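Subject: Structure for your files

Dear colleague,

Here is the structure I promised to pass on. My notes on it follow below.

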Amino acid sequence: MKGSLATGVWKGQSHERWQYEVTGGGRIWYLVDDERRTAWITYAGTGHPSETD
């Protein structure tokens, strides 16, 4: 992701944000926590999120 969408905050810490296309419009957005070796899911939906339009 680019610009302000490239990072997100989880529990006060900034993390890289990624998205995975599940279907033609559906997306899963997640934050990568390298320190904990964890991915935090922040959005999952069947439609394309309007933030990226």
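In β2, Thr7 has Glu16 as its bridge partner. Strands here, like helices, are DSSP runs numbered from the N terminus (E, at least two residues, for strands; H or I, at least four, for helices), and two strands count as paired if DSSP finds at least two bridges between them.

Before the rest, some notes on provenance. This is a predicted model, in which local features need pLDDT of at least 70 and side-chain atom pairs count only at pLDDT 80 or more, while totals for chains, interfaces and linings use all residues. Residues are numbered from 1 along each chain as its sequence is written, and side-chain values use heavy atoms, with hydrogens and water left out.

The sheet

An open sheet of four strands runs in the order β1-β2-β3-β4, with antiparallel pairing. Its edge strands are β1 (7-10) and β4, each of which pairs on one side only. On average, neighbouring strands of this sheet are turned by 40° against each other, direction ignored. The axes behind that angle are lines fitted to C-alpha atoms (for helices, over the stretch in contact), and angles run from 0 to 180 degrees between N-to-C directions.

Taking the pairs in order, β1 and β2 run antiparallel and are joined by four bridges. The hairpin of β1 and β2 has two residues between the strands.

Strand β2 (residues 13-21) pairs with β3 over six bridges, again in the antiparallel sense. Glu16, the partner of Thr7, also stands opposite Val32 in β3.

Asp33 has Thr38 in β4 as its bridge partner. The hairpin of these two strands has four residues between them.

Strand β3 (residues 27-33) has two faces: Arg27, Trp29, Leu31 and Asp33 are on the covered one, and Ile28, Tyr30 and Val32 are on the uncovered one.

Asp33, in strand β3, is buried, with a relative accessible area of 2%. The classes for relative accessible area are buried under 20%, exposed over 50% and partly exposed in between (1.4 Å probe, protein chains only). Leaving aside neighbours within four places in sequence, Asp33 is in contact (heavy atoms within 4.5 Å) with His15, Thr38 and Trp40.

How many salt bridges does the structure hold? There is one, where the term means a side-chain nitrogen of Lys or Arg within 4 Å of a carboxyl oxygen of Asp or Glu. Arg36 forms a salt bridge with Asp33, and the closest N and O atoms are 3.0 Å apart. Arg36 is partly exposed at 46% relative accessible area, whereas Asp33 is buried.

The side chain of Asp33 also has a polar atom 3.3 Å from the backbone nitrogen of Glu35. A polar contact is a pair of N or O atoms within 3.5 Å; within protein, one must be able to donate a hydrogen and the other to accept it, and residues adjacent in sequence count only if both atoms are side-chain atoms.

The loops

Most residues other than glycine have a negative phi, and most peptide bonds are trans. Lys11 is not a glycine, yet has a positive phi of about 50°. Lys11 sits in the loop between β1 and β2 and is exposed at 69% relative accessibility. Arg37, another residue other than glycine, has a positive phi near 55°. Arg37 is placed in the loop between β3 and β4 and counts as exposed, at 79% relative accessibility.

In the loop between β2 and β3 is Val22, which is partly exposed at 48% relative accessibility. Not counting residues up to four places away in sequence, Val22 touches Arg27 and Ile28. Val22 and Gly45 are 23 residues apart along the chain, and their C-alpha atoms are separated by 9.0 Å.

Regards
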